[in-house]
Amino acid sequence: MANTASLKIDDKEFPLSVMIGTEGEKAIDVRKLRADSGYLCYDQGYGNTGSCESALTYLDGDAGILRFRGYPIEQLALHSNFIETAYLVIYGELPNAEKRKEFGLNLRQHAAIETQMQKIFEGYPKDAPPMAMLASIVASLAAHYPHLATNDFSKDLASFDLATAMAMSKIRTIGAMLYRYMNGKPYIAPKQDLPFCENFLHMMFSEAHQDYVSVPEVARALNLLLLLHADHEQNCSTATVRMVGSSSANLFTSISAGIGALSGPLHGGANVAVMQMLQNIHDDGDDGSRFIAAAKSGSKSNRLMGFGHAVYRNFDPRAKIIGQACEDLLKKLGVNDPLLDIAKRLNETALKDEYFISRKLYPNVDFYSGIIMRALGIPVSMFTVIFAIGRTPGWIANWREVAANPKGRIYRPRQIYVGPTVRDFVPMEKRT
Ligand code: SDX
């Protein structure tokens with residue numbers, strides 16, 4: 001395999017070194033190209049650009065492979081759980097019993113949101129978009145914990161561990177509090193003796209005098225959903241967290257920026273768009289064929305939401321796992337959701353249709369996740385908040401790779417300028 005490349009421009013050759021990752025991914029190192037040749041590289045949306053070296057997640061979109069720190073997602077889904085996988089993503093190894101206990105205790109100790117911080121919720125209309133509230137309340141963690149709003153954790157790991165536990169645990173609690181606030185219900189305090197997911201369900205659905213009784217299948221399904229969302233290479237929101245963290249911004253502020261990116265319907269907001277799509281098909285009495293025909297028009301407003309992916313040109317392995325878990329859960333709960341039948345029909349039809357086959361469009365993580373969340377009793381408005389809670393370990397791990405990189409530099413992409421060339425100022429009286 002070549003470890004050098006060369007670029008010929010006019011009659012000049014520019015030698016470039018080649019980087020090869022541990023899974024054989026190859027990249028041409030163009031860091032010196034502009035200085036040597038005067039040429040930039042152009043890659044709108046960075047779809048063919050490696051912005052960093054990372055040891056967290058390996059993803060092969062053509063083969064439909066996803067691994068966290070080398071462990072296949074299928075094995076983690078079968079044998080692990082969200083908190084253990086979060087530890088793996090953040091710290092690089094599966095925790096032994098002692099480290100797992102310590103991590104869990106840290107999360108439980110920092111589950112509550114202080115009374116002063118609870119006042120922030122009152123500043124929002126009850127029908128405000130939950131992701132807008134989540135982004136700003138998470139950003140305020142930097143104001144409430146200024147001693148942790150620093151980025152030199154690469155040296156001070158004890159503070160990093162504390163900031164990590166607070167970010168994971170409090171973002172989960174803020175999510176539950178948003179649900180309560182939007183529904184005009186009093187907040188339910190976290191319980192120290194409840195595991196992460198059970199505590200979330202308790203804070204969402206318990207009432208003042210009646211604790212929510214968590215059905216094991218429900219907590220397990222939520223656990224699996226969060227695990228599958230834990231990280232996903234340099235997706236839009238994670239790349240945003242790295243971008244903001246590269247300016248030495250603190251963890252909470254960087255995560256808040258990632259939440260903003262995740263809220264977009266082309267990214268984390270897709271699970272909400274999938275449910276709206278399925279509900280519209282159901283309400284129109286369409287068996288899905290009319291919708292599929294419209295989705296093939298190519299217009300962005302008619303897309304088959306939950307299908308296609310910026311990287312996967314094969315099945316998103318998470319979609320397969322969630323699809324099966326969805327069927328199992330609905331069967332166990334005795335729920336017969338017509339939207340699942342519609343989703344399965346759309347899936348079967350699209351996978352046989354030349355339009356989708358030729359464009360390598362397959363179901364992604366969002367295609368079934370909404371149906372499983374609905375079965376858990378989680379409202380559509382909270383779907384992307386759940387995605388954010390699941391993605392927090394990946395954001396933390398990526399932020400730490402940036403903060404701890406001694407050779408790191410601030411992200412500062414260049415551009416190709418296509419605006420007006422130089423011109424003189426025109427005084428008001430001479431303007432048309
Ligand atoms: C997530 O990056 C990540 O890792 C993200 C994520 C994560 O875990 O962080 O995996 C989470 O964001 C999953 C993706 C959720 N988004 C959706 O489900 C929205 C629907 N999908 C599409 O909008 C689209 O597929 C994207 C945005 C996901 C990917 O877009 P691309 O790769 O830029 O594809 P494209 O827009 O260039 O489309 C290529 C062709 C076009 O047709 P032609 O111009 O070639 O004729 O495919 C068509 C598109 O019109 N197309 C679709 C389609 N997606 C692409 N046609 C119908 N329905 C779709 N869903």
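His232, Arg303, His309, Arg318 and Arg391 come nearest among the 24 residues around the ligand, counting a residue as near if one of its heavy atoms lies within 4 Å. The model is predicted: local features need pLDDT of at least 70, side-chain atom pairs count only at pLDDT 80 or more, and totals for chains, interfaces and linings use all residues. Numbering runs from 1 along each chain as its sequence is written, and side-chain values use heavy atoms, with hydrogens and water left out.

- A polar side-chain atom of His267 sits 3.0 Å from a ligand oxygen atom.
- Leu304 places a backbone N or O atom 2.9 Å from a ligand nitrogen atom.
- The side chain of Tyr355 has an N or O atom 3.0 Å from a nitrogen atom of the ligand.
- On its own the ligand has 1,100 Å² of accessible area, and the protein covers 76% of that (Shrake-Rupley method, 1.4 Å probe).

**Ligand shell**

- The shell holds ten nonpolar, eight polar and six charged residues; Ala, Val, Leu, Ile, Met, Phe, Trp, Tyr, Cys and Pro count as nonpolar, Asp, Glu, Lys and Arg as charged, and the others as polar.
- Domain 2 (66–268 + 393–403) and domain 3 (270–375) each give at least three shell residues; the bounds come from an automatic or database assignment.

**Second largest pocket** (an open set of points on a 1 Å grid, with protein on both sides within 12 Å along at least five of seven lines; lining residues have an atom within 4 Å of a point)

- Its volume is about 440 Å³, the space filled by probe spheres set on the points.
- Of its 18 lining residues, Ala77, Arg220, Leu224, Ala325 and Asp328 are closest to the centre.
- Helices H2 (73–79), H10 (216–228) and H15 (317–333) each supply at least two lining residues (DSSP runs of H or I, at least four residues).
- The lining has nine nonpolar, four polar and five charged residues.

Methods:
On a 1 Å grid over the protein atoms alone, a cavity is a set of points where a 1.4 Å probe fits but cannot get out, and a pocket is an open set with protein on both sides within 12 Å along at least five of seven lines; lining residues have an atom within 4 Å of a point. A polar contact is a pair of N or O atoms within 3.5 Å; within protein, one must be able to donate a hydrogen and the other to accept it, and residues adjacent in sequence count only if both atoms are side-chain atoms.
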